[in-house]
Amino acid sequence: ELSLQNYKDLNDEIQIASCYSNIANLKADKGEIDEAISLAKKVLEIYKKKGLTEGIAISDHNLASYYIESGDIDLAKEHLMRALENAILMKHQKGRLYCNFMLGVISLKKMNEDHIALEYFEKSSKIAKELSDINKIDQINYELSILYEKKGDHEKALEHYKSHIEAKDSI
């Protein structure tokens, strides 16, 4: 917090945002989600004021994570959609991957929207393969195995579960 005060004294808003973001992550790790959300909102406002699209996208993604933690899925989805829009604008594949994946997870597990979850997982799977992101391929296949099991398609569930194990073993 000493660094934060120093940056406030210098009126360095970007570094202030960075400090707030770090403190928000620490608060979230300690289970202090409301405080994390409050700080993350300050970060988002600073980046919006500065017109920094990448900072806005990251802030929206962080806020979404905190809202998921707090149980406010509607706000989480809203922030993920905005982060996804910015990732698309910036042509940031990793951002698109993470947003699509998280939208799939909340659609599957929190909103019971299996068909929408499948669309998000298919998009994230394509990007993960393009990026050779084995960790995400592993996670996506695991979630797809759950989705297909839930739908009663045991063959596809097993196929994705095997892909999950293969990816996990290669990490």
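Colleague: Is Gly31 buried or exposed?

Modeller: Burial is read from the relative accessible area: buried means under 20%, exposed over 50%, and partly exposed in between, with a 1.4 Å probe and protein chains only. Gly31 has a relative accessible area of 53% and is exposed. Gly31 lies in the loop between α2 (13-29) and α3. Helices here are DSSP runs of H or I with at least four residues, strands are runs of E with at least two, and both are numbered from the N terminus. Gly31 and Glu69 are 38 residues apart in sequence, with 8.8 Å between their C-alpha atoms.

Colleague: What should I know about the model before going on?

Modeller: This is a predicted model, in which local features need pLDDT of at least 70 and side-chain atom pairs count only at pLDDT 80 or more, while totals for chains, interfaces and linings use all residues. Residues are numbered from 1 along each chain as its sequence is written, and side-chain values use heavy atoms, with hydrogens and water left out.

Colleague: How many helices and strands does the protein chain have?

Modeller: The protein chain has 9 helices and 0 strands, in the pattern α-α-α-α-α-α-α-α-α along the sequence. Its C-alpha atoms fill a box of roughly 60 × 30 × 30 Å along the principal axes. Of the 171 residues, 44% count as buried. Contact means heavy atoms within 4.5 Å. Among the contacts with a separation of 6 or more, 50% are between residues 24 or more positions apart.

Colleague: Where is Glu13, and is Glu13 buried or exposed?

Modeller: Glu13 is in helix α2 and is buried, with a relative accessible area of 18%. Apart from neighbours within four places in sequence, Glu13 is in contact with Ile46, Lys49 and Lys50.

Colleague: At what angle do α3 and α4 pack?

Modeller: Axes are lines fitted to C-alpha atoms, for helices over the stretch in contact, and angles run from 0 to 180 degrees between N-to-C directions. Helix α3 (residues 33-50) and α4 pack at about 165°, with axes 9 Å apart. Angles under 35 degrees count as roughly parallel, over 145 as roughly antiparallel, 65 to 115 as roughly perpendicular and the rest as oblique. The two helices α3 and α4 are therefore roughly antiparallel to each other. A crossing is left-handed if the near helix is turned anticlockwise from the far one by less than a right angle, and right-handed if clockwise. By that rule, α3 passes α4 in a left-handed crossing.

Colleague: Which residues of α3 and α4 meet?

Modeller: From α3, the residues include Ile33, Ala36, Ala40 and Leu44; from α4, they include Ile56, Leu63 and Tyr67. For the classes, Ala, Val, Leu, Ile, Met, Phe, Trp, Tyr, Cys and Pro count as nonpolar, Asp, Glu, Lys and Arg as charged, and the others, Gly among them, as polar. The contact of α3 with α4 has 11 nonpolar, 3 polar and 4 charged residues.

Colleague: How do the axes of α4 and α5 cross?

Modeller: The axes of helix α4 (residues 53-70) and α5 come within 8 Å and cross at roughly 160°. That makes α4 roughly antiparallel to α5. Their crossing is left-handed. The contact of α4 with α5 has 11 nonpolar, 4 polar and 2 charged residues. Among the residues that meet are Ala57, Asp60 and Ala64 in α4, and Ala76, His79 and Ala83 in α5.

Colleague: How far does α7 reach from its first C-alpha to its last?

Modeller: The expected span of a helix is 1.5 Å times one less than its number of residues. Helix α7 (residues 114-131), with 18 residues, reaches 25 Å, close to the expected 26 Å.

Colleague: Which residues of α7 are buried?

Modeller: An α-helix has 3.6 residues a turn, so residues three or four places apart point the same way. In α7, the buried residues include Ala117, Tyr120, Phe121, Ser124 and Ala128. The buried residues of α7 pack against α5 (73-89), α6 (93-109) and α8 (134-151). In α8, the buried residues include Ile137, Ile140, Leu144 and Leu147, and their cover includes α6, α7 and α9 (154-170).

Colleague: What is the phi of Ser132?

Modeller: Most residues other than glycine have a negative phi. Ser132 has a positive phi, near 55°; Ser132 is in the loop between α7 and α8 and is exposed, at 55% relative accessible area. Asn112 also has a positive phi near 55°. Asn112 lies in the loop between α6 and α7 and is exposed, at 60%. Just after α8, Gly152 has a positive phi of about 85°.
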